[in-house]
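Dear colleague,

I am handing over a structure that you have not worked with before, and I would be glad if you could look it over. My notes on what was found in it follow.

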Amino acid sequence: MRKYGKVICNQCKKELKSEGKYLKEGCFAVDYTFGYFSRKDGTRHRFDLCEDCYDRLIGQFAIPVEEDEETELC
C-alpha cells in the first residue's frame with residue numbers, strides 16, 4: 001500500500017525502509033487489471049508485499065517460481 005509517500009506491506013503492515021523516494025529493501029509490487037472472462041472483469045488490484053510476506057506466499061506454491069540471476073539491477 002502506498003500512502004503519503006510511504007510503502008506499507010498489505011499483508012503484515014510493516015512499513016518498508018525508504019530514503020526519500022527510494023526503497024531500501026525488497027518490495028513485491030502488484031498492479032493488475034483483470035480482463036474479460038474473469039470473475040473480476042475490469043477490476044484493478046494494487047498491493048505491496050515485503051520480502052518476508054512474499055517468501056511465505058511463494059513457499060505455498062505447488063510449482064516453485066522460476067528464478068534467474070540478474071546482473072543489472074534497476
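Lys6 and Glu15 join their side chains in a salt bridge, with a distance of 4.0 Å from N to O. Lys6 counts as partly exposed at 40% relative accessibility, and Glu15 also counts as partly exposed, at 43%. Please keep in mind while reading that this is a predicted model.

A search of the whole structure finds four salt bridges, and two others deserve a description here. The side chains of Glu25 and Lys14 meet at 2.8 Å, N to O; this pair links distant parts of the chain, eleven residues apart, with Glu25 in the loop between strand S4 (22-23) and S5 and Lys14 in the loop between S2 and S3. Lys14 is partly exposed, its relative accessible area being 33%. Arg44 and Asp31 form another salt bridge, at 2.6 Å from N to O, and here the link runs from strand S6, which holds Arg44, to strand S5, which holds Asp31, across 13 residues. Arg44 is partly exposed, with a relative accessible area of 46%, and Asp31 is likewise partly exposed, with 47%. In general, side chains of opposite charge can pair when their charged atoms come close. For the chain as a whole, the mean positions of the 13 positive and 15 negative charges lie 12 Å apart.

Lys13 has a positive phi of about 70 degrees although it is not a glycine; Lys13 sits in the loop between strand S2 (6-7) and strand S3 (18-19), and it is exposed, with a relative accessible area of 70%. Phe37, also a residue other than glycine, has a positive phi near 75 degrees. The loop between strand S5 (27-33) and strand S6 (44-50) is where Phe37 is found, and Phe37 is exposed, with a relative accessible area of 84%.

As for the overall fold, the protein chain has one helix and six strands, which follow one another along the sequence as β-β-β-β-β-β-α. The radius of gyration of the chain is 15 Å, whereas a compact globule of 74 residues would have one near 11 Å, and the C-alpha trace spans about 40 × 30 × 25 Å along its principal axes. Of the 74 residues, 14% count as buried, and the accessible surface comes to about 6900 Å², of which 50% belongs to carbon and sulfur atoms.

With kind regards

Definitions and conventions. Residues numbered from 1 in each chain as written. Predicted model: local features only at pLDDT ≥ 70, side-chain atom pairs only at ≥ 80, totals over all residues. Heavy atoms only, no water. Helix = DSSP H or I, 4+ residues; strand = E, 2+ residues; numbered from the N terminus. Rg over C-alpha atoms; globule rule 2.2 N^0.38 Å. Buried < 20%, exposed > 50% of the residue type's maximum accessible area, 1.4 Å probe, protein only. Areas by Shrake-Rupley, 256 points an atom, 1.4 Å probe, with all protein chains shown as cover. Lys, Arg positive; Asp, Glu negative; His and termini not counted. Charge placed at Lys NZ, Arg CZ, Asp CG, Glu CD.
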